[in-house]
Amino acid sequence: MSEDIYQNLKQLGGATVMPSSPEDAELERVENPQADVAYNVRFTAPEFTSLCPMTGQPDFAHLVIDYVPGKWLVESKSLKLFLGSFRNHGAFHEDCTVSIARRLADFLEPQWLRIGGYWYPRGGIPIDVFWQTGPLPDGVWIPDQGVPPYRGRG
């Protein structure tokens with residue numbers, strides 16, 4: 001594997017400032033050195049935070065992002081900064097979840113991508129949001145996302 005695939009990264013290896021909004025966040029990618037093999041990559045963000053667009057109150061979610069890369073891999077620090085940029089962003093749960101998935105899908109052009117947004121209750125109602133690009137490619141093992149349904153008091 002050549003170091004050349006990392007030469008254009010701007011955020012890795014140095015101090016970076018949290019982007020002020022998802023629109024200002026810069027996702028970065030590198031060529032997939034294993035592009036000839038179909039495999040799953042999972043990112044889990046158990047402390048995702050955004051704001052309610054109506055009240056300004058914080059909303060919290062457990063996000064699970066699975067993707068089968070094609071030519072590109074997302075650079076994980078840029079993904080962390082992108083997800084962190086939602087902390088001061090007001091949008092409903094559905095919009096946050098699907099916006100994240102669509103931006104990643106457009107940017108990475110993966111063979112397949114799905115997101116599970118497991119939002120913690122506010123007002124007594126948890127909201128779970130799921131989105132994927134299409135059918136799963138043959139022969140790829142995708143484990144369960146491992147997030148149990150919300151049970152409240154047990």
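Modeller: Start with W119. This is a predicted model, and in it W119 is buried, with a relative accessible area of 2%. The cut-off for buried is under 20%. The ring of Y118 pairs with that of F130. Their centres are 5.4 Å apart and their planes stand at 75 degrees. That makes the pair edge-to-face, because the angle is over 60 degrees. Y118 belongs to strand 5 and F130 to strand 6, so this contact ties together parts that are 12 residues apart in sequence. Y118 counts as buried too, at 12% relative accessibility.

Now the wider count. The structure holds 5 aromatic pairs. One of them joins F48 and W119. Here the ring centres are 5.7 Å apart and the planes are at 90 degrees, so this pair is edge-to-face. The two residues come from distant parts of the chain. F48 sits in strand 2 (residues 41-51), W119 in strand 5 (residues 112-122), and 71 residues separate them. F48 is buried as well, at 4% relative accessibility.

F48 and W119 also belong to a cluster.

Some rings meet a charge. The charged end of R29 sits over the ring of W72, 3.9 Å from the ring centre. R29 also lies over the face of F107, at 4.9 Å from the centre of that ring.

Methods: Residues numbered from 1 in each chain as written. Predicted model: local features only at pLDDT ≥ 70, side-chain atom pairs only at ≥ 80, totals over all residues. Heavy atoms only, no water. Phe/Tyr/Trp six-rings, centres within 6.5 Å; stacked < 30°, edge-to-face > 60°. Helix = DSSP H or I, 4+ residues; strand = E, 2+ residues; numbered from the N terminus. Buried < 20%, exposed > 50% of the residue type's maximum accessible area, 1.4 Å probe, protein only. Lys NZ or Arg CZ within 6 Å of the ring centre and 35° of its normal.
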